Amino acid sequence: MKNLLFASLLLAAVFTLVANTEAQVIVIANPSVKTNELSKSDLRDIFSGSSSSLKDGSHVIPVLLKEGAAEDEFLSAYVGKSDAAFRASWRSLVFSGQAAMPKSLDSEEAMVEYVAHNVGAIGYIRKEMKHEGIKVLTVK
Amino acid sequence: MKKILVGVVAGMLVLWAVPARAQSLEDLNIQIHGYATQGFLYTTNNNIFTTNSSDGSPAWTEAVVNVSAQPTPKLRVGVQGRYFLLGNLGNAITLDWAAADYKANDRFGVRFGKVKSPSGLLNEIQDIDPSYVWSLLPQSVYPLESRNSVLSHYGGVVYGTLKLGDKLGKLEYRGFGGQRQLGPTDGYLLNQREAGLVLPNGLGGTLEGGALHWKTPLPGLMIGASDFRDNHWTAQLTGNNGALTGTEKVEPFNLPDYFARYEKDKIMVAYEYDRIPVKASLQFPGLPGTPIGLDERSWYGMASYKLTEKFSAGVYDSQLVDHHVALGPARYSKDWAISGRYDFNQYLYAKAEQHFIRGTELGFDPDMNPGGLKPATKLTILKIGVSF
């Protein structure tokens with residue numbers, strides 16, 4: 001009985017670990033974006049301001065969340081920076097005249113609404129959020 | 001030329017304001033950003049940066065306000081004003097930059113007006129304190145006293161990124177040209193001014209240059225170089241409290257700069273080398289011309305590490321030697337520094353930094369050190385900043 005309980009706890013721990021290593025955020029885009037997938041480095045370039053287009057030529061506009069678990073995970077998984085470092089790097093571009101700060105939205109619902117109605121918009125939400133009117137991009 | 005360029009940018013802002021009545025402010029993506037910093041300096045010997053730092057000085061304040069609009073996805077216009085106080089320098093509001101930027105695609109964009117000069121590794125952001133760990137960038141390459149005159153120029157920048165393929169990475173290019181003007185109270189002219197030689201209209205002229213940043217196939221590694229040429233500059237010169245009027249002539253010179261940076265996860269390592277060779281002459285009627293000049297060769301190596309989500313630490317070794325100066329402490333400046341930065345949140349941060357400086361070539365002026373300069377100084381900096 002004790003061995004069964006121990007094995008069950010161990011399996012639960014393993015499943016939890018596996019679940020947590022899978023990204024809980026998905027990358028979404030306006031239907032005008034032609035591609036269905038993009039590389040992690042392309043995504044990082046877009047959200048760091050280095051690039052404003054995808055390999056298929058689509059002009060894209062990154063959109064951010066102001067705060068929250070989805071934002072933290074997106075930055076960690078795909079940009080490799082903390083929120084403070086990420087904002088600081090964008091402010092470098094803004095204060096040197098090289099870029100405008102991407103739009104920041106208060107909620108994931110607002111993110112879906114904005115991405116659905118703005119050509120070229122690309123953002124991110126948690127997997128479980130409703131996402132009608134947008135397309136989900138696979139990150140390779 | 002300056003007035004024409006700023007006028008063109010202002011005109012573009014007005015032209016877009018007319019149809020903007022039909023668009024909401026939201027559509028124009030109008031943004032306002034800013035930051036402010038307050039620093040405190042303390043030196044064990046020698047007063048630095050025209051402050052009374054040997055007694056502790058809070059005379060280091062900066063504030064910036066930035067307004068921009070993006071009426072179309074490819075066009076952006078903006079203006080940034082700055083207040084800068086450092087000891088006896090600045091204490092004025094100036095136009096940092098005012099530009100219109102059209103980015104056709106990732107391969108080509110153009111920016112014109114009063115624009116940041118894209119030379120070296122950090123010139124475009126050297127005045128943006130929220131961007132980096134250090135309170136003071138390596139002074140050998142980015143001297144604070146004369147920073148404002150090299151930050152920007154009136155003219156334009158063309159820029160873009162060329163993809164070289166998966167095996168060769170990407171090449172970012174920038175080409176720039178226009179006119180630069182040093183004001184009569186600029187830090188570059190401080191020692192000359194304190195010696196009684198004043199340029200009442202400042203010093204300026206045309207320049208052109210370029211920069212290449214190779215983002216190598218190794219993720220995080222960038223290697224680059226830049227060069228720009230200051231062309232023949234001439235300015236009115238006065239001496240002996242205005243009793244003498246003459247001319248200062250600066251011969252054309254290039255400023256080559258080589259740099260590399262590697263960033264991965266929490267680590268950043270960078271290196272930069274530049275050379276500033278200047279030949280000039282002071283001419284007063286009836287008197288023989290006086291040649292002046294410098295040949296500064298500078299480099300630094302720096303590294304930073306993000307210890308926690310909120311705390312980063314950094315260290316650098318920064319050195320400059322002026323080959324025109326006789327042997328002794330006045331010929332060089334060697335500075336190693338250790339820094340820490342704490343981000344309370346995305347808006348507020350604080351920095352602390354300790355410098356160990358040998359040599360007196362940089363940062364020290366005779367007026368603030370009437371008893372003479374000691375060859376070594378320790379400098380402590382505390383700084384708080386807010387940005388939005």
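The model is predicted. Chain A contains 5 helices and 6 strands, arranged along the sequence as α-β-β-α-β-α-α-β-α-β-β. Of its 140 residues, 37% are buried.

**Fold and sheet of chain A**

- The 6 strands form an open sheet with mixed pairing, in the order β2-β6-β1-β5-β3-β4 of chain A.
- The edges are held by β2 (37-38) and β4 (103-105) of chain A; each has a single partner strand, so one side of each is left without a neighbour in the sheet.
- Strand β5 (residues 121-126) of chain A runs antiparallel to β1(A), and 5 bridges join the two.
- Within this pairing, A:Ile125 of β5(A) lies opposite A:Ile26.
- In general, strands of a sheet pair through backbone hydrogen bonds, either parallel or antiparallel.

**Nonpolar cores**

- The largest nonpolar core comprises 63 residues, and those with the most contacts inside it are A:Ile28, A:Ala29, A:Val115, A:Ile122, A:Tyr124 and A:Ile125.
- Strand β1 (residues 25-29) of chain A supplies the largest share of this core, namely 5 residues.
- Another core, of 12 residues, lies apart from the largest one and includes B:Ala69, B:Trp97, B:Val115 and B:Tyr159.
- Leaving aside residues up to four places away in sequence, A:Val115 touches A:Ile28, A:Ala29, A:Asn30, A:Val63, A:Ala121, A:Gly123 and A:Ile134.

**Helix α4 of chain A**

- Helix α4 (residues 83-95) of chain A has 13 residues, which at 1.5 Å a residue should span 18 Å; the end C-alpha atoms are 18 Å apart, in agreement with that value.
- Its buried residues are A:Asp83, A:Ala84, A:Phe86, A:Arg87, A:Ala88, A:Trp90, A:Arg91, A:Val94 and A:Phe95.
- The cover over the buried residues of α4(A) draws on both chains: it includes α3 (69-79) of chain A and, from chain B, β1 (31-43), β2 (57-72), β3 (75-86), β17 (332-343) and β19 (376-387).
- Just after α4(A), A:Gly97 adopts a positive phi of about 80°.

**Helix α5 of chain A**

- In helix α5 (residues 108-117) of chain A, the buried residues include A:Glu108, A:Met111, A:Val112 and A:Val115.
- These residues cover an arc of only 95° around the axis, which means that they are on the same side of α5(A).
- An α-helix has 3.6 residues a turn, so residues three or four places apart point the same way.
- The elements covering the buried residues of α5(A) include β1, β3 (61-65), α3, β4 and β5 of chain A.

**Paired strands in chain B**

- Strand β16 (residues 311-322) of chain B is joined to β17(B) by 11 bridges, and the two run antiparallel.
- In this pair, B:Gly340 of β17(B) is the bridge partner of B:Ala313.
- Strand β18 (residues 348-358) of chain B also runs antiparallel to β17(B), with 10 bridges between them.
- B:Glu353 in β18(B) stands opposite B:Ser339.

Methods. Residues numbered from 1 in each chain as written. Chains lettered and ligands numbered in written order. Predicted model: local features only at pLDDT ≥ 70, side-chain atom pairs only at ≥ 80, totals over all residues. Helix = DSSP H or I, 4+ residues; strand = E, 2+ residues; numbered from the N terminus. Buried ≥ 20, exposed ≤ 12 C-beta atoms within 10 Å, placed from the backbone. Core = buried A, V, L, I, M, F, W, Y, C linked by C-beta atoms within 7 Å. Contact = placed C-beta atoms within 7 Å. Pairing = 2+ DSSP bridges. Expected span 1.5 Å × (residues − 1). Arc of directions from axis to C-beta.
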